Amino acid sequence: MNIILLSGGSGKRLWPLSNDVRSKQFIKLFKNGDKHESMVQRVYRQIKRVDKDATVTIATSKSQVPAIHNQLGEDVSVCVEPMRRDTFPAIVLAAAYLHDEMGVKDDEPVVVCPVDPYVDDSYYEAVEQLGKLAGQANLTLMGIEPTYPSEKYGYIIPESKDKVSPVKEFKEKPDRATAEKYLEQGAVWNAGIFAFKLSYLMEKAHELIDFENYQDLYNKYDKCEKISFDYAVVEKESSINVLRYKGEWRDVGTWNMMSEVMADNVIGNATLDDTTTNTHVINELDIPILVMGAHDMVVAASGDGILVADKEQSGYMKPYVEKIATDVRYADKSWGSYQIISVGENNLVAKATMKAGHRMSYHSHDFREEVWTILSGVGRVVVDGIEKAIQPGSVITLPAGSKHTIIARTNLSVLETQIGSDISVSDKSSYEFGSKE
């Protein structure tokens, strides 16, 4: 089974834990044994549990790649969009990657799924079945059996109420009365899940985009039209089947919906009094939170901000977040995590937490100097080619322009102080270094 997971989105609806770098699928809110895991970790684990030989490729933006490698490891297959161009170019790029870089054959089925619904294993059993149905029609979609007449989803109207049926037509998001009529016709929610033979999509891609192969498409990606897969392909295709899925499926796009599937009412350092009901608290800060007498609330705290909201009202937070959101203060990296502690005039203090056996890129900054103070762990630093062992208490001064990296032998915690007239993420040049340790 070849699966393309679409991992996009920004961090407006689950602020302040999510941001433009850490989308909702990377927040660790779900339980796996005695540990918390993120949506992308849960999805990847579920797929491999259903089909251990499944080939999973994550189609994503460059900004999400460090978080993906941080949470799933270095070996996971990732197809990186040079820039955002909506779902049709993203899927074509991923399909070309499968074909040209991974050697997937033309007659093999491919299933495209979003990375962020909350589902049980039966969903991926249906995905596996969807792949087996690919080829019976040019496109095979998976439709979610509605549990209520929703106004939030588009609808697929099948020709029959059979488990697998040809598609009669598609409908945009309706009002409630119209949705009720769709349900009477046996309609299903359109959740953006579809399967095809790889050859079908490659033929469509070459009809609509002028490119030779994956690398050529990657190089000219900025010239691709911004268009969704639905508009570019699905709505113009006459040979479409739909598979009905009746298992658990939830779109957890807001705090209200996310709280319904979270395993714990409290994550992090927080205390609820006995009068508090139906309230969830997620605290990523190093200070305690006390909640008293709250009902139907969500409290979320991170370095990016603090949210205190009625659960239902939290679904309307996006325009307010757009007004108040500041620069991202937390990001997952392939080597660990990075959190900004304070920002002042011409200075910044951050904490880097590195995983054993990993290293930062070998890089330099033109307009700032840095001071690294090792808080815990051991490893090595390399400054302009000179290597030095480090341990708790080591202080390393990095002048502007110096090439440097840090290599963690054990888990490593580093306090980083930046001083300069222009402190920005753009002030960074990367260089080749030896193999990752």
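The dialogue that follows treats these topics in turn.

Q: What kind of model is this, and how are residues numbered?
A: This is a predicted model, in which local features need pLDDT of at least 70, side-chain atom pairs count only at pLDDT 80 or more, and totals for chains, interfaces and linings use all residues. Residues are numbered from 1 along each chain as its sequence is written, and side-chain values use heavy atoms, with hydrogens and water left out.

Q: What volume does the second largest pocket have?
A: Rolling a probe the size of a water molecule over the atoms shows where empty space is left. Here, the second largest pocket has a volume of about 1,600 Å³. Of its 43 lining residues, Ala 331, Lys 333, Tyr 338, Val 425 and Lys 428 are the closest to its centre. A pocket is an open set of points on a 1 Å grid where a 1.4 Å probe fits, with protein on both sides within 12 Å along at least five of seven lines; lining residues have an atom within 4 Å of a point.

Q: Which classes of residue form the lining of the second largest pocket?
A: The lining has 17 nonpolar, 14 polar and twelve charged residues. Asp, Glu, Lys and Arg count as charged, and Ala, Val, Leu, Ile, Met, Phe, Trp, Tyr, Cys and Pro as nonpolar, with the others, Gly among them, as polar.

Q: At what angle do helix 1 and helix 4 pack?
A: Helix 1 (residues 39-50) and helix 4 (residues 121-133) pack at about 60°, their axes 9 Å apart. That makes helix 1 oblique to helix 4, since angles under 35 degrees count as roughly parallel, over 145 as roughly antiparallel, 65 to 115 as roughly perpendicular and the rest as oblique.

Technical notes. Grid points are joined across faces, edges and corners, and a volume is the space filled by probe spheres set on the points. Axes are lines fitted to C-alpha atoms, for helices over the stretch in contact, and angles run from 0 to 180 degrees between N-to-C directions. Helices (H or I, at least four residues) and strands (E, at least two) are DSSP runs, numbered from the N terminus.
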